[in-house]
Amino acid sequence: MVKPRFYLLLLLFIGSLMAAYYWSQPSLPEQADYYPTGRDINPFALTDGDGQPFTPAELAGHWTFLFIGYTYCPDVCPTTLADLRAVYPSLKTIASNSQVVFISADPQRDDSARLKSYTAFFEPEFKAATGPHSALFPLVRNLGLVYSIVESDRKDYLIDHSASIVLINPAGKLAAMFRPRVAPGEVPHVDMQTMVSDFAHIVRLTGE
């Protein structure tokens with residue numbers, strides 16, 4: 001007859017194995033909207049800051065932090081670029097193939113030269129691209145972002161746009177979205193330290 005003590009030891013052993021397995025698994029991101037299998041990004045064709053084609057090929061093999069805006073943006077864009085510059089070394093430490101891409105939703109005013117100069121002011125390695133609205137709208141919508149031009153008949157028109165940052169994995173799929181914190185009287189912005197922490201979790205989860 002098997003003694004109760006044997007069952008107790010067996011349960012303790014199984015429990016320890018389960019605990020060891022649980023603690024060995026990478027934890028999930030804390031705040032990011034995470035898509036474990038990745039979401040497909042439809043084909044697109046834009047033009048980068050060097051006047052060269054910017055297509056899904058420029059995303060392949062990289063962890064891409066992408067957000068939309070425009071160079072005449074008075075608040076969200078310069079704030080986001082400055083924040084990304086501050087954490088860029090940390091992103092590269094987590095994954096050396098990390099890159100930052102700024103997509104302009106203002107092709108009428110943001111030509112290639114202006115885009116390159118604008119992003120280079122923050123970090124020479126940052127990339128930028130734009131294209132006609134017929135190419136921008138489908139891409140932005142596909143990424144789960146939005147933008148709209150306010151009073152387009154004015155020369156100094158503004159553009160309302162998402163303040164979120166999307167993460168695209170090396171397979172060229174949408175892996176996560178980092179949404180901004182919005183507080184009264186403050187510029188919407190993504191918490192960079194949380195983003196860096198979540199990115200580390202995502203990289204560990206994918207084994208990339």
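A residue is called buried here when its relative accessible area is under 20%, and exposed when that value is over 50%. By this criterion cysteine 77 of this predicted model is buried, because its relative accessible area is 0%. The residue sits in helix α2, which comprises residues 76–94, and, leaving out residues up to four places away in sequence, cysteine 77 touches Phe67, Ile68, Gly69, Tyr70, Phe102, Tyr118 and His161.

The last of these contacts leads to an annotated group of residues. An unreviewed UniProt entry places the feature "binding site" at Cys73, Cys77 and His161. These three residues span 89 residues in sequence, yet no two of their C-alpha atoms are more than 9.8 Å apart, so they gather at one spot. The annotation comes from the record and may be inferred rather than shown by experiment, whereas the gathering of the three positions is computed from the model.

Histidine 161 belongs to strand β8, formed by residues 158–161. With a relative accessibility of 16%, histidine 161 also counts as buried, because the cut-off for that term is under 20%. Apart from residues up to four places away in sequence, histidine 161 touches Ile68, Gly69, Tyr70, Cys73, Val76, Cys77, Val146 and Tyr147, a list that includes both annotated cysteines. Its side chain also reaches the backbone oxygen of isoleucine 68, at 3.2 Å. Isoleucine 68, Gly69 and Tyr70 are among the residues touched by cysteine 77, and they are likewise among those touched by histidine 161.

An α-helix has 3.6 residues a turn, so residues three or four places apart point the same way.

Strand β5 contains serine 104, which is buried, with a relative accessible area of 0%. The side chain of serine 104 makes a polar contact with the side chain of aspartate 110 at 2.6 Å. Setting aside neighbours within four places in sequence, serine 104 is in contact with Gly69, Tyr70, Asp110, Leu115, Ala129, Thr130 and Leu136.

How values were computed: Residues numbered from 1 in each chain as written. Predicted model: local features only at pLDDT ≥ 70, side-chain atom pairs only at ≥ 80, totals over all residues. Heavy atoms only, no water. Helix = DSSP H or I, 4+ residues; strand = E, 2+ residues; numbered from the N terminus. Buried < 20%, exposed > 50% of the residue type's maximum accessible area, 1.4 Å probe, protein only. Contact = heavy atoms within 4.5 Å. Polar contact = N/O pair within 3.5 Å; in protein donor to acceptor, adjacent residues only side chain to side chain.
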